[in-house]
Amino acid sequence: MIFTIVVLGAPYASEASSTAYRFCHAALEQGHSVKRVFFYGDAVHTGSTLITPPQDEPNLPALWQALIREHNLDAVICIAAALKRGVLDTEEQSRYRKSASNLAAGFTLSGLGQLIESSATCDRTITFGA
(Lines give C-alpha, C1' and ligand atoms only; values in the text may rest on other atoms or scores of the structure.)
Protein backbone atom coordinates (compact mmCIF):
# COMPACT_ATOMS: atom_id res chain seq x y z
CA MET A 1 0.00 0.00 0.00
CA ILE A 2 1.19 3.51 -0.78
CA PHE A 3 0.42 6.21 1.79
CA THR A 4 0.30 9.98 1.87
CA ILE A 5 0.70 11.22 5.42
CA VAL A 6 -0.63 14.60 6.56
CA VAL A 7 0.57 15.95 9.90
CA LEU A 8 -1.33 18.88 11.42
CA GLY A 9 -0.10 19.07 15.01
CA ALA A 10 3.01 20.83 16.22
CA PRO A 11 5.65 18.62 17.79
CA TYR A 12 5.22 18.61 21.57
CA ALA A 13 1.80 20.36 21.41
CA SER A 14 -0.12 17.17 20.65
CA GLU A 15 0.48 13.52 19.86
CA ALA A 16 -0.03 14.11 16.12
CA SER A 17 3.62 14.32 15.12
CA SER A 18 4.85 11.43 17.25
CA THR A 19 1.92 9.20 16.23
CA ALA A 20 2.47 10.01 12.56
CA TYR A 21 6.17 9.25 12.97
CA ARG A 22 5.46 5.87 14.59
CA PHE A 23 2.88 5.05 11.90
CA CYS A 24 5.32 5.86 9.09
CA HIS A 25 8.08 3.88 10.75
CA ALA A 26 5.82 0.82 11.20
CA ALA A 27 4.37 1.06 7.69
CA LEU A 28 7.83 1.22 6.13
CA GLU A 29 9.03 -1.71 8.24
CA GLN A 30 6.09 -3.78 7.00
CA GLY A 31 6.99 -3.09 3.37
CA HIS A 32 4.50 -0.34 2.60
CA SER A 33 5.49 2.88 0.85
CA VAL A 34 5.10 6.47 1.96
CA LYS A 35 5.00 8.71 -1.09
CA ARG A 36 4.94 11.98 0.77
CA VAL A 37 4.66 13.38 4.29
CA PHE A 38 2.96 16.76 4.24
CA PHE A 39 3.32 19.02 7.28
CA TYR A 40 0.57 21.62 7.50
CA GLY A 41 -0.53 24.22 10.05
CA ASP A 42 1.45 24.12 13.27
CA ALA A 43 3.13 20.89 12.13
CA VAL A 44 5.49 23.02 10.02
CA HIS A 45 7.53 23.56 13.19
CA THR A 46 8.73 19.97 12.72
CA GLY A 47 10.98 21.30 9.95
CA SER A 48 12.63 23.98 12.08
CA THR A 49 16.26 23.66 13.05
CA LEU A 50 15.58 25.82 16.09
CA ILE A 51 13.55 23.30 18.09
CA THR A 52 15.66 22.18 21.03
CA PRO A 53 13.83 19.75 23.29
CA PRO A 54 15.15 18.85 26.73
CA GLN A 55 17.66 16.01 26.65
CA ASP A 56 15.29 13.63 28.42
CA GLU A 57 12.57 14.04 25.75
CA PRO A 58 12.53 12.53 22.26
CA ASN A 59 13.79 14.92 19.60
CA LEU A 60 10.90 14.60 17.15
CA PRO A 61 12.38 16.81 14.43
CA ALA A 62 15.60 14.78 14.54
CA LEU A 63 13.64 11.51 14.46
CA TRP A 64 11.70 12.72 11.42
CA GLN A 65 14.94 13.81 9.72
CA ALA A 66 16.49 10.39 10.28
CA LEU A 67 13.40 8.61 8.92
CA ILE A 68 13.28 10.93 5.91
CA ARG A 69 16.97 10.36 5.18
CA GLU A 70 16.88 6.60 5.78
CA HIS A 71 13.89 6.02 3.48
CA ASN A 72 14.43 8.92 1.09
CA LEU A 73 10.95 10.26 1.89
CA ASP A 74 9.50 13.34 0.29
CA ALA A 75 8.82 15.57 3.31
CA VAL A 76 6.98 18.74 2.36
CA ILE A 77 6.42 21.70 4.64
CA CYS A 78 3.44 23.83 3.55
CA ILE A 79 5.02 27.07 2.43
CA ALA A 80 2.13 29.38 3.37
CA ALA A 81 1.86 27.90 6.87
CA ALA A 82 5.65 27.91 7.25
CA LEU A 83 6.11 31.56 6.31
CA LYS A 84 3.42 32.61 8.80
CA ARG A 85 5.22 30.65 11.53
CA GLY A 86 8.77 31.72 10.72
CA VAL A 87 10.06 28.54 9.08
CA LEU A 88 12.08 29.60 6.05
CA ASP A 89 14.54 28.08 3.61
CA THR A 90 17.36 30.15 2.16
CA GLU A 91 15.29 31.18 -0.87
CA GLU A 92 12.44 32.56 1.26
CA GLN A 93 14.98 34.14 3.62
CA SER A 94 16.37 36.07 0.66
CA ARG A 95 12.95 36.91 -0.79
CA TYR A 96 11.66 38.35 2.49
CA ARG A 97 15.03 39.77 3.52
CA LYS A 98 15.15 37.93 6.81
CA SER A 99 18.33 37.51 8.82
CA ALA A 100 18.36 33.72 8.83
CA SER A 101 16.78 30.57 7.50
CA ASN A 102 15.87 27.60 9.65
CA LEU A 103 14.47 24.83 7.46
CA ALA A 104 16.05 21.54 8.48
CA ALA A 105 17.75 19.28 5.96
CA GLY A 106 15.46 16.77 4.32
CA PHE A 107 12.41 19.03 4.29
CA THR A 108 11.24 21.16 1.35
CA LEU A 109 8.83 24.07 1.23
CA SER A 110 5.99 23.69 -1.24
CA GLY A 111 2.26 24.24 -1.66
CA LEU A 112 -0.98 22.36 -1.26
CA GLY A 113 -0.69 21.15 -4.85
CA GLN A 114 1.89 18.66 -3.61
CA LEU A 115 -0.63 17.30 -1.13
CA ILE A 116 -3.37 17.03 -3.76
CA GLU A 117 -1.07 15.32 -6.25
CA SER A 118 0.14 12.85 -3.67
CA SER A 119 -3.35 12.06 -2.39
CA ALA A 120 -4.61 11.53 -5.93
CA THR A 121 -1.90 8.98 -6.71
CA CYS A 122 -1.72 7.03 -3.42
CA ASP A 123 -3.88 4.26 -2.01
CA ARG A 124 -4.58 6.05 1.27
CA THR A 125 -4.17 9.51 2.75
CA ILE A 126 -3.99 9.49 6.53
CA THR A 127 -4.19 12.66 8.61
CA PHE A 128 -2.75 13.01 12.11
CA GLY A 129 -4.05 15.88 14.22
CA ALA A 130 -7.15 18.02 14.13
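## I126 in strand β5

I126 lies in strand β5, which covers residues 124-128 (helices, H or I of at least four residues, and strands, E of at least two, are DSSP runs numbered from the N terminus). This is a predicted model, in which local features need pLDDT of at least 70 and side-chain atom pairs count only at pLDDT 80 or more, while totals for chains, interfaces and linings use all residues. Residues are numbered from 1 along each chain as its sequence is written, and side-chain values use heavy atoms, with hydrogens and water left out.

With a relative accessible area of 23%, I126 is partly exposed (buried means under 20% relative accessible area, exposed over 50% and partly exposed in between, with a 1.4 Å probe and protein chains only). Residues up to four places away in sequence aside, I126 touches F3, T4, I5, V6 and F23, where contact means heavy atoms within 4.5 Å. From C-alpha to C-alpha, I126 and H32 are 14 Å apart, although 94 residues separate them in sequence.

## The largest nonpolar core

The largest nonpolar core holds 33 residues, of which I5, V7, V37, F39, W64, I77 and F107 touch the most other members (such a core is a set of buried Ala, Val, Leu, Ile, Met, Phe, Trp, Tyr and Cys residues joined through side-chain atoms within 4.5 Å). At least two residues of this core come from each of β1 (2-7), α1 (16-29), β2 (33-39), α2 (60-71), β3 (74-78), α3 (79-85) and β4 (107-110), and the largest share, 6 residues, is supplied by α1.

Beyond its neighbours within four places in sequence, I5 is in contact with A20, F23, C24, V34, R36, V37, F38, I126 and F128.

## V76 in strand β3

V76 is placed in strand β3 and counts as buried, at 1% relative accessibility. Not counting residues up to four places away in sequence, V76 touches R36, V37, F38, F39, T108, S110 and Q114. By contrast, the C-alpha atoms of V76 and D56, 20 residues apart along the chain, are separated by 28 Å.

## Packing of α1 and α2

The axes of α1 and α2 are 11 Å apart and meet at an angle of about 25° (axes are lines fitted to C-alpha atoms, for helices over the stretch in contact, and angles run from 0 to 180 degrees between N-to-C directions). The two helices α1 and α2 are therefore roughly parallel to each other, a description that applies to angles under 35 degrees, whereas those over 145 count as roughly antiparallel, 65 to 115 as roughly perpendicular and the rest as oblique.

In this contact, S17, S18, A20, Y21, C24, H25 and L28 of α1 meet L60, L63, W64, L67 and H71 of α2. These residues divide into 8 nonpolar, 4 polar and no charged (Ala, Val, Leu, Ile, Met, Phe, Trp, Tyr, Cys and Pro count as nonpolar, Asp, Glu, Lys and Arg as charged, and the others, Gly among them, as polar).
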